[in-house]
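Here are my notes on this one, as promised. Have a look at the model first, then read the points below.

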Amino acid sequence: MRCGDFKETYIQDEAIFQSLFVKFWLCLLFLFLLAFPFMANAYLLYVANMIGFAIIGAIGLNLLTGFTGQISLGHAAFLGVGAYTSAILVTRLGFPFWLSVPCAGLVAALAGLIIGIPSLRVKGLYLCIATLAAQFIFEFIFTRWESMTKGITGIHIPPPTIAGYAIKTEKDFYWITLFFVALAVGYARNLIRSRTGRAFIAIRDRDLSAEIIGINLFRSKLSSFAISSFYAGVAGALWMTFLKVVTPDHFPFLLSIQYLAMIIVGGLGSVLGSIFGAVFITLTPELLNYLSEIVKASAPGYEEIFVPMKEVIFGVLIVLFLIFEPRGLAEIWNRIKAFFRLWPFSY
Amino acid sequence: MDILIQVIVTGLATGGLYGLIALGFVLIYKATSVLNLAMGDFMTLGAFVCFTMLTQVKVPFYLALLLTLVAAIVLGIAVERIILRPLIGEPVISVIMVTIGLGIILKGGMYIIWTPIFRSFPQIFPPKPFNLGFAIVPSGLWWGFVFAIIGTIAFLLIFKFSRTGVAMRAVASDQQAALSMGISVRWVFALAWCFGAMAAVIGGIVIGNISGISVYMGDIGLKVLAVIILGGLDSIGGAILAGFIIGVLENLTGLYIDPLVGGGAKDVAPFFILVLILMIRPYGLFGKELIERV
């Protein structure tokens, strides 16, 4: 009886779909995702879209922080750069939507390269503080460069059109989000088994050793920053196109923390973990909203406590996961899988 | 010219406060290698506790201050025991994120208890502005400066001469050696957190006194990061000197750059300085040059 992972060749070890079983469930999941918009109402589709944007951004941050080990407290800034780029391209230069998203990613990647430069000189705590500073500097630019960003009033983005068809409803947008999420997950999954991805992991584990075995630290770190920011830029552009307006208030420091929380709760250094984390962190406040509605109906006046409660629960989640399950939901998932693989003879 | 001197003096006074809060960061970092990003919320909590003592319980100011310091000690020990101890030896990101998480919890908790209303502090210092002859310092700022200096000197003396201070320095320089000399590293860790929290609450009370208190006043804690990086993460003297430098530079930015960009530059100036320092001299003015080139 098969009671473990047997990988006899490197090809097997590097395969994206590890077994027939995985392929089967992935197909099932994909079918569900395709059928989902026909079953769900507008609210559920809205939440699904938000989860999609969070997944793209979280995978980006996980590539940088989880795989390359470079801590970034400024992820929200890159989302902002992407969002503003796409908004400005669409409203000023009349770019079509499908072209503005990759452009947003590219400009964000460029910003990421610039922010990544300190990573060549400092690491750990110091890099963390440098990215924190970048976050506040970008926030300042978003607010104050009024000729470009229109300051705090923000830019209104017209609904996108693809091949003459205007994307107006949450349902239409769901397909776009699904497409980009599939692309993002597929690319990240492939990247981490390539030479570049393995170089990232080597740098995370020990940068000096990585350099000695012939990895170009300069290039790898910067490309990690660029790829991560590209993801963030795309996520930001999609998110703001979906919300139809972009203001500096959408990209506070707290958003950066939320993304870090996603990858920590989900699991550092795991693509699957980023997805789990994004779903979990996006759903928690929605669930609390739902609870507050119930409380409002049964005991009016007490629902106000849910506004700060969201923050408290968010903080508690971060702390609890770090103390009790530092490897996140992905590890819990693996444990459950391992349990059922040998069940009922687990010994 | 007059306005320039005035701005510099205000900057120096603000810098004294920055120095005090930076001291809180450095005390904790030096002993435990943890950068406590919840420091700003410790400050806010201190201000709120003192505020409640003064307005609800109606005790005199010195008693309120004493009670707030006791609260800071309790907070420091609780945080060290419950949250930081399980994370000893974990990677930097875990430790940073846990302090951020702690900050969020504290902020949310304060929001629930005290609601987000902006409040002004009851008058505790004589309201008359202080005249230095060549410049006038607003009363709150002046007394804040005095408090900050007294606090700083007290901490410095403890650190330099008392048995406790020597133990803390020993742990900072080598934990293994300190342990083998019979110093309780656990106890020093708890103590460092207490001292850090105490510095933070004094800073919080003073700042609350100057600009009023709200749940969000803790954001100033992030600005102080520029101060500790400039001073060097583990240098107490550096933190204080850098506090003055950043305070003055920030106020000068407010004077010269703000009219050009339409305001807001003053608050972001420390972060620009921060990036510059990190590029040129990451270990700061007096920090230990432990950073390896990568």
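1. Helices here are DSSP runs of H or I with at least four residues, and strands are runs of E with at least two, numbered from the N terminus. With that in hand, look just past α1(B): B:Ser33 has a positive phi of about 55 degrees.

2. Some housekeeping. This is a predicted model, where local features need pLDDT of at least 70 and side-chain atom pairs count only at pLDDT 80 or more, while totals for chains, interfaces and linings use all residues. Residues are numbered from 1 along each chain as its sequence is written, chains are lettered from A and ligands numbered from 1 in the order in which they are written, and side-chain values use heavy atoms, with hydrogens and water left out.

3. Back to α1(B), residues 2–32.

4. In the loop between α1 and α2 (39–57) of chain B sits B:Leu37. B:Leu37 is buried, at a relative accessible area of 13%. Contacts (heavy atoms within 4.5 Å) include A:Leu73 from the other chain, plus B:Ile96 and B:Leu225, leaving aside residues up to four places away in sequence. B:Gly221 is 184 residues from B:Leu37 in sequence, yet their C-alpha atoms are 7.6 Å apart.

5. Now the interface: 47 residues of chain A contact 48 of chain B. The buried area (accessible area lost on putting the two together, 1.4 Å probe, summed over both) is about 4100 Å², with 82% from carbon and sulfur atoms. On the chain A side, A:Arg121, A:Leu125 and A:Tyr126 lose the most area, together 19% of what that side buries.

6. What about salt bridges (a Lys or Arg side-chain nitrogen within 4 Å of an Asp or Glu carboxyl oxygen): how many are there between chain A and chain B? The count is zero.

7. Which helix gives the most to the side of chain A that touches chain B? That is α14(A), with twelve residues. The buried residues of α14(A) include A:Phe306, A:Phe314 and A:Phe321. Among what covers the buried residues of α14(A) are α12 of chain A and, from chain B, α3 (61–84) and α4 (92–114).

Key:
Buried < 20%, exposed > 50% of the residue type's maximum accessible area, 1.4 Å probe, protein only.
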